[in-house]
Amino acid sequence: MKILLDEQLSSDLIHYFPSSFQVFMPKDLGWSGYSNGLLREKLNERNFNFLVSADKNIPFQQNFNKMNYTLIALDTPSLEWEAQLFFVQKINKFLVNLPNPLPKLV
């Protein structure tokens, strides 16, 4: 499973996903600063399964018909480490018990 953590999240979160997942940050791929539209294209081209983002606007900016991946949108009032870690634990539970079919937005 290929997962991209959006730029506003801590790169330290990568270590909290199971080793069977391929987890990247935009900077790892040379995608830092990309617009959401360009990022969507790159995610589709590289066959990513998930984008994890805390950008509250991204669900409204995406054309879900053009997405080949699932957007996991974190609804958090804070990006403090404890809040991010809390969501990673919830995401891992979701990834272990994936629904079929996968929704485009979680």
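This is a predicted model: local features need pLDDT of at least 70, side-chain atom pairs count only at pLDDT 80 or more; totals for chains, interfaces and linings use all residues.
A pair of aromatic rings is described by how far apart the centres are and by the angle of the planes. The model contains 6 aromatic pairs. One of the pairs is made by Trp31 and Tyr34, whose ring centres are 6.5 Å apart and whose planes meet at 20°, so this pair is stacked. Trp31 is buried, with a relative accessible area of 3%, whereas Tyr34 is partly exposed at 28%. The rings of Phe86 and Phe87 are arranged in another way: with centres 5.5 Å apart and planes at 75°, they form an edge-to-face pair. Here Phe86 is partly exposed, with a relative accessible area of 45%, and Phe87 is buried at 17%.

Next comes the sheet. Strands of a sheet pair through backbone hydrogen bonds, in either a parallel or an antiparallel manner. In this model, 4 strands make an open sheet with parallel pairing, and their order is β2-β1-β3-β4. At the edges lie β2 (22–24) and β4 (70–73), each of which pairs on one side only. From one strand to the next, the twist averages 20°.

The pairings can be followed across the sheet. Strand β1 (residues 2–5) runs parallel to β2 and is joined to it by 3 bridges, and Ile3 has Val23 in β2 as its bridge partner. Helix α3 (residues 81–96) packs on the sheet and touches β1, β3 (50–53) and β4, while its direction makes about 160° with that of β3. Another 3 bridges link β1 with β3, again in the parallel sense, and Leu4 stands opposite Leu51 in β3. Between β3 and β4 there are 4 bridges, also parallel, with Ser53 standing opposite Ala73 in β4.

How are the two faces of β3 arranged? In a regular strand, side chains alternate between the two faces of the sheet. For β3, Phe50 and Val52 are on one side and Leu51 and Ser53 on the other; all of these are buried, and both faces of the strand are covered.

Finally, the charged residues deserve a look. Side chains of opposite charge can pair when their charged atoms come close. The structure holds 2 salt bridges. In one of them, the side chains of Lys42 and Glu45 meet with an N to O distance of 3.8 Å. These residues are 3 apart in helix α1 (residues 36–45), and therefore about one helical turn separates them. Lys42 is partly exposed at 24% relative accessibility, and Glu45 is exposed at 54%.

The salt bridge between Asp75 and Lys56 has its closest N and O atoms 3.3 Å apart. Asp75 belongs to the loop between β4 and α3, and Lys56 to the loop between β3 and α2 (58–61), so the pair ties together parts that are 19 residues apart in sequence. Asp75 counts as exposed, at 63% relative accessibility, while Lys56 counts as partly exposed at 44%.

Definitions and conventions: Residues are numbered from 1 along each chain as its sequence is written. Side-chain values use heavy atoms; hydrogens and water are left out. Two strands pair if DSSP finds at least two bridges between them. Axes are lines fitted to C-alpha atoms, for helices over the stretch in contact, and angles run from 0 to 180 degrees between N-to-C directions. Contact means heavy atoms within 4.5 Å. A salt bridge is a side-chain nitrogen of Lys or Arg within 4 Å of a carboxyl oxygen of Asp or Glu. Buried means under 20% relative accessible area, exposed over 50%, partly exposed in between (1.4 Å probe, protein chains only). Rings of Phe, Tyr and Trp (its six-membered ring) pair if their centres lie within 6.5 Å; planes under 30 degrees apart count as stacked, over 60 as edge-to-face and the rest as tilted.
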